Amino acid sequence: MSNKLTRYLIDINGIVQGVGFRPFVYNLARSCHIRGWVNNFPGGIHIDAEGTEESLISFISRLKEEAPPISFIDSFHTEFAEPVGYADFEIRESSSESAHEAFISADVSVCEDCLREMNDHNNKRYRYPFINCTNCGPRFTITAGIPYDRINTTMHAFPMCGQCAEEYHDPSDRRFHAQPIACKKCGPSLFLLDSDGNRISEGEEIEKTIELLNEGWIVAVKGLGGYHLACDARNGSAVRKLRKRKNRDGKPFALMAKDIETVMKYCFVSEKESEVLQSVKKPIVLLDRKPRTVLAADSISPDNDKLGIMLPYTPLHCLLLADGPELLVMTSGNRSSEPIYYKDNDAIRGLRGIADYFLVNNREIFIRTDDSVTAVFRDKECLIRRSRGYVPFPVDISSALGDLDTRIPSALACGGELKNTFCITKGGKAFLSHHIGDLENIETLSSFESGIEHFKRIFSVAPELAAFDKHPDYLSTKYAGSLAGAVKIPIQHHHAHIAACMAENNVKGPVIGVAFDGTGYGDDGQIWGGEFFTGNYSGFERQAHFEYVPLPGGDAAIKEPWRMALSYLVKTFGEDLAPYKLPFLCEIGAERTDIVIQQIAKGINAPLTSSVGRLFDGVSALIGLCNVIEYEGQAAIRLEKNADTSGNDLYTYEIERVGAAYKIIVRQMISAIFEDVTSGAEKSYISGTFHRTVARIVLDVCELLRERSGINQVALSGGVFQNRLLLGLIIDLLESSGFRVYTHSKVPANDGGISLGQAVLAIRKYMEGNHE
């Protein structure tokens, strides 16, 4: 190759600011004998590089291959320019405009370099629980505003000492412009408090906390985005005590393991699952539990054969697990139905009576952020709760909006009621929020509102559109209605589900959309949840749905699945169920049964629903698995757990043409399940046959719609598709019939993903003049 001086102008867009990219470029350029400069520009970085052709080729290749672990390159553009003869390589001052256009990084788990220093007796940060560098540490949770400088984070309260300042200003140092940089001399400190808030064991907080955990005490531990309640997962007494104090009933606890080897002692771990566990995001990963492990498993995850496990992601976690129990319960530090505590005084006050001790620190958390929850399905990560480590990383929606040839307005999508997230768009990027939770109380609503204001601030966006669910009573809907200055656009719940699946898969449509969930307000005023649509971002048409049945007691039927079982029985056999002696009816009692039957017959507080989620609940109760739930989805989880997957039998059902649409009637299936229960068939057989039948229904309807429309793409969305058994059966059937199937990965299939769909549909409606 020629040694002639060559010059490239390089523009890199993505998450490349505030993640150590400029010092990475600086050091790489020097090692490759490149001269020139690098600086930030709006949305990315610009590099002006001179060198030989060979050195520039190597430089560009390594820019892509060796980029900082928490960066993300969205686009990479190079062009030739005439050489100017630079003498050296430097980091140049960036424009103020670029600082206000930068993406904020998600929080990142502690890196190996920092762990080595933390365990080095000769290092000034030896056993320092807040060690971090440009490649790791808190980001999103400590950022109060932009630009992302220390003064705009909660670290502004800790002026750097001389040594830290020297590292901070040295481009060759790993801590160059690391905003949370700190050491024992100038940074945050730990405090161990008893249940009354009195400080104990000063100077030995970590050692004492380990001792307390080993003794079976419950400790509230302040993390990156809020408090955890921790105890020894192998101590059955401690786990049961925590469950009782938290009134958590049967809901699974999350676990934190010392290392990947510890995880493998308790769970089966695939190569992909290991990769996700050990990624810089460090989410909770749902794993298949190994049988006969020494663990208080029935107290940790009573209803299923999976455990939700994460690896340590802060230096403090690593210190606690290095010398303490190898496996800790690390469940959210909150009261039932309330958001996770993240302010110290609130946590001490709110968790008193649950936690015996509190391990706190004086670095404030600016925005509460729960742990993310994910799973691996067929070697692909599928998010269940998208929060810490993933937020505020954007989802690219440019393909959904790519044919719009005018400026794209910014949108705020307010999400739903349960598992709420909101979404703010800017150009072709959608920024989904951290997990807010169920908008059922003032605390969660306050978190929702403050979160929106925070996103508007850090992304410099004043939304022009406000998208919201059509349900008139949702708090998110009422919030959207209160906004001044934004064009308000209602979006049907299940349309948003399908659009979210399409958007994350870069699918323009048209598609057959299958939306299965528990509750969604329908265009006819009924409760939808077993829906088939055809369409694209410009609109969807409802083509088929499950037959409506009463939801006796409204929300009470969600908490008491026996009511749905009764509703399906009445739909199948009529109101006189006296001849039908079923165990669950005997357990409920004749008086309560008769009241609900009359409620169904007279339509008193018994709205109609087509929900597949409620169908799963009803069948679970009908076969004796779950009459009353202790947490959302419990009945369906038990049904999936008990399914025998080895058979091929199916129950009978009907698909009836009603006008231009189809109605799925399951009365024959309910009758057959009743016969199986009364004849003593195994629950596993019934559950397995039921799952296969629902999957076959999906295939049959999709084939009917393909025959009519010619559409061969299917998008699956809704909380029911978190059932991996059902999802797998449906995918196999559809793909064997020649369909292209799209599922969720980047955002949850549940209501935590609908804000993405709301945002895309609202923009399309507005731009196409279809929003009135």
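Modeller: Let's start with two helices: α16 and α26 are roughly perpendicular to each other, a label for angles of 65 to 115 degrees. This is a predicted model, where local features need pLDDT of at least 70, side-chain atom pairs count only at pLDDT 80 or more, and totals for chains, interfaces and linings use all residues. Residues are numbered from 1 along each chain as its sequence is written, and side-chain values use heavy atoms, with hydrogens and water left out.

Colleague: At what angle do α16 and α26 pack, and how far apart are their axes?

Modeller: Helices here are DSSP runs of H or I with at least four residues, strands are E runs of at least two, and both are numbered from the N terminus. The axes are lines fitted to C-alpha atoms, for helices over the stretch in contact, and angles run from 0 to 180 degrees between N-to-C directions. For α16 (residues 493–504) and α26 (residues 754–767), that gives about 90 degrees, with the axes 7 Å apart.

Colleague: On to strands. How many bridges join β25 to β26?

Modeller: Two strands pair if DSSP finds at least two bridges between them. β25 (residues 527–536) and β26 (residues 539–546) run antiparallel, and a hairpin through two residues joins them. Along the pair, Asn-536 stands opposite Gly-539, and Phe-532 has Ala-544 as its bridge partner. The number of bridges is six.

Colleague: Which residue takes a positive phi in the hairpin of β24 and β25?

Modeller: β24 (residues 511–521) also runs antiparallel to β25, over eight bridges, and Gly-513 is partnered with Phe-533. Their hairpin has five residues between the strands, and the one with a phi near 85 degrees is Gly-525.

Colleague: How many residues of β25 are buried?

Modeller: Buried means under 20% relative accessible area, exposed over 50%, and partly exposed in between, using a 1.4 Å probe and protein chains only. β25 is mostly covered, and the count of its ten residues is nine.

Colleague: Which residue in β30 stands opposite His-545?

Modeller: Here β26 pairs with β30 (residues 661–665), and the two run parallel over three bridges. Opposite His-545 you'll find Lys-663.

Colleague: Which are the edge strands of the open sheet?

Modeller: Six strands form it in the order β18-β21-β20-β19-β22-β23, with mixed pairing. β18 meets β21 (residues 429–432) in the antiparallel sense over two bridges, with Val-395 opposite Ala-430. The edge strands each pair on one side only: β18 (395–396) and β23 (487–491).

Colleague: Last one: with which side chain does the side chain of Asp-74 make a polar contact?

Modeller: Asp-74 lies in β4 (residues 72–81), and counts as partly exposed because its relative accessibility is 37%. Leaving aside neighbours within four places in sequence, Asp-74 is in contact with Asn-13, Gly-14, Asp-396 and Lys-429. A polar contact is a pair of N or O atoms within 3.5 Å; within protein, one must be able to donate a hydrogen and the other to accept it, and residues adjacent in sequence count only if both atoms are side-chain atoms. At 2.5 Å, the partner of Asp-74 is Lys-429.

How values were computed. Angles under 35 degrees count as roughly parallel, over 145 as roughly antiparallel, 65 to 115 as roughly perpendicular and the rest as oblique. Contact means heavy atoms within 4.5 Å.
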